[in-house]
Amino acid sequence: MKISEVIKKKGGHVVTIQPSTTIADMVGILNEHRIGAVIVSEDDGATVKGIASERDVVRALHEHGVDVLQEKVQTIMTSEVWTCTSKDELQSIAVQMTEHRVRHLPVVDEDKLVAIVSIGDVVKHRLDELEAERNDLVHYVQGDRA
């Protein structure tokens with residue numbers, strides 16, 4: 001299965017924030033949208049400047065205390081962002097996420113941000129595939145070939 005199939009099912013909406021957004025405001029945005037990461041972009045997602053996640057916030061809080069919440073997101077974001085394309089296979093994305101220890105990958109086609117996939121998206125779709133395969137095998141064994 002290609003990432004484009006995952007995007008069709010989940011949608012391509014991506015929440016972006018400016019690098020100058022405060023970390024406190026970012027936390028509010030994560031909560032409001034019930035997401036774990038945001039894309040940091042100066043041009044509403046046309047280009048990816050970085051990614052900032054709840055994990056980044058926790059690290060910053062541990063290292064610098066609550067005062068860090070008034071700092072800008074650019075101080076905690078990850079600038080070296082691993083990406084994928086909508087043509088990539090789900091399995092290769094799972095491997096990439098595991099190897100690079102990332103939970104979110106922006107999907108970039110022709111230098112344009114089109115979506116973001118999380119490890120949860122990858123796992124869900126892989127489980128759906130396995131369930132469909134199991135059901136097919138059960139129907140085959142029972143002689144219910146449709």
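Two strands pair if DSSP finds at least two bridges between them. I note this before looking at the sheet. The model I am reading is predicted.

**Entry 1**

I found an open sheet of 3 strands in the order 1-2-3, with mixed pairing. Strand 1 (16-17) and strand 3 (50-53) are the edge strands; each has a single partner strand, so one side of each has no neighbour in the sheet. I then checked how strand 1 is joined to strand 2 (residues 37-40): the two run parallel and are linked by 2 bridges. Ile17 stands opposite Val40 in strand 2, and Thr16 has Ile39 of strand 2 as its bridge partner.

Next I looked at the two faces of strand 2. In a regular strand the side chains alternate between the two faces of the sheet. In strand 2, Ala37 and Ile39 are on one side and Val38 and Val40 on the other. I noted that these residues are all buried, and that both faces of the strand are covered.

I picked Ser53, which lies in strand 3. Is Ser53 buried or exposed? Its relative accessibility is 13%, and buried means under 20%, so Ser53 counts as buried. I then looked up what Ser53 is in contact with, leaving aside its neighbours within four places in sequence. The list is Met26, Leu30, Gly36 and Ala37.

**Entry 1: salt bridges**

I moved on to charged side chains. Side chains of opposite charge can pair when their charged atoms come close. The count for this model comes to 6 salt bridges.

- Lys8 and Glu5 meet in a salt bridge, with 3.2 Å from N to O. Both lie in helix 1 (residues 3-10), 3 residues apart, which is about one turn of the helix. Lys8 counts as exposed because its relative accessibility is 64%, while Glu5, at 32%, is partly exposed.
- Lys10 forms a salt bridge with Asp121, and their closest N and O atoms are 2.8 Å apart. Lys10 is in helix 1 and Asp121 in helix 5, so this pair ties together parts that are 111 residues apart in sequence. Lys10 is partly exposed, with a relative accessible area of 37%. Asp121 is buried, with a relative accessible area of 15%.
- Glu131 pairs with Arg134 in a salt bridge, the closest N and O atoms being 3.4 Å apart. The two are 3 residues apart in helix 5, so about one helical turn separates them. Glu131 is partly exposed at 39% relative accessible area, and Arg134 is partly exposed at 44%.

I checked where Leu127 sits and found it in helix 5 (residues 119-141).

**Entry 2: the whole chain**

Last, I looked up values for the chain as a whole. How many helices and strands does the chain have? I found 5 helices and 5 strands. Along the sequence they follow the pattern α-β-α-β-β-α-α-β-β-α. The C-alpha atoms fill a box of roughly 65 × 35 × 30 Å, taken along the principal axes. Of the 146 residues of the chain, 35% count as buried. The chain exposes about 9,200 Å², and carbon and sulfur atoms supply 51% of that area. I also looked at contacts between residues at least 6 apart in sequence; 55% of them join residues at least 24 apart.

Key: Residues are numbered from 1 along each chain as its sequence is written. This is a predicted model: local features need pLDDT of at least 70, side-chain atom pairs count only at pLDDT 80 or more; totals for chains, interfaces and linings use all residues. Side-chain values use heavy atoms; hydrogens and water are left out. Helices (H or I, at least four residues) and strands (E, at least two) are DSSP runs, numbered from the N terminus. A salt bridge is a side-chain nitrogen of Lys or Arg within 4 Å of a carboxyl oxygen of Asp or Glu. Buried means under 20% relative accessible area, exposed over 50%, partly exposed in between (1.4 Å probe, protein chains only). Contact means heavy atoms within 4.5 Å. Accessible areas come from the Shrake-Rupley method with a 1.4 Å probe; for residues, only the protein chains shown count as cover.
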